[in-house]
Amino acid sequence: MHSAAHIQPLEALDSATLVNRARDGERAAFEELYRRYRPAVVRRLTHLLGPRVAVADLAQDAFAKAWQQLAKYRGDAPFSHWLLRITT
């Protein structure tokens, strides 16, 4: 039988749970993190680089790096802070 965490929709899970599931290889969990935090990443990039820069590719790069570095995320700060540090 499945645990309650796997029955809940991804949208209902907190970021720490999503990170742990993404670390375990669950791509859908990382996709939910992407959906949840992409607007903040785009805002940060637009703030840093201005509205004329095409930030979509840079946002994609930030998430690709986060995916590659996910094992290094220690969890001592919120995921959003870690992600925005990568973005910056």
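The chain exposes about 6000 Å², of which carbon and sulfur atoms supply 53%, the areas being computed by the Shrake-Rupley method with a 1.4 Å probe and, for residues, with only the protein chains shown as cover. The model is predicted, and local features need pLDDT of at least 70, side-chain atom pairs count only at pLDDT 80 or more, and totals for chains, interfaces and linings use all residues. Residues are numbered from 1 along each chain as its sequence is written, and side-chain values use heavy atoms, with hydrogens and water left out.

The secondary structure comes to five helices and zero strands, where helices (H or I, at least four residues) and strands (E, at least two) are DSSP runs numbered from the N terminus. Along its principal axes the C-alpha trace spans about 50 × 25 × 20 Å. Of the 88 residues, 33% count as buried, a word that means under 20% relative accessible area, with exposed meaning over 50% and partly exposed in between (1.4 Å probe, protein chains only).

Helix 3 (residues 27-49) has a kink of about 50 degrees at Tyr-37, shortly before the proline Pro-39; the bend at a residue is the angle between axes fitted to the seven residues ending there and the seven starting there. Among the buried residues of helix 3 are Phe-30, Leu-33, Tyr-37 and Val-41, and the cover over the buried residues of this helix includes helix 2 (15-23), helix 4 and helix 5 (79-87). Just after helix 3, Gly-50 takes a positive phi of about 95 degrees.

Rings of Phe, Tyr and Trp (its six-membered ring) pair if their centres lie within 6.5 Å, and planes under 30 degrees apart count as stacked, over 60 as edge-to-face and the rest as tilted.

| Pair | Centres apart | Angle of planes | Class |
|---|---|---|---|
| Tyr-37 and Phe-79 | 5.6 Å | 55 degrees | tilted |
| Tyr-73 and Trp-82 | 5.1 Å | 50 degrees | tilted |

Because Tyr-37 lies in helix 3 and Phe-79 in helix 5, their pair ties together parts that are 42 residues apart in sequence. Tyr-37 and Phe-79 are both buried, and Tyr-73 and Trp-82 are buried as well. Phe-30, Tyr-34, Phe-63 and Trp-67 form one aromatic cluster.

Leu-58, found in helix 4 (residues 55-69), counts as partly exposed because its relative accessibility is 32%.

Conventions:
Contact = heavy atoms within 4.5 Å.
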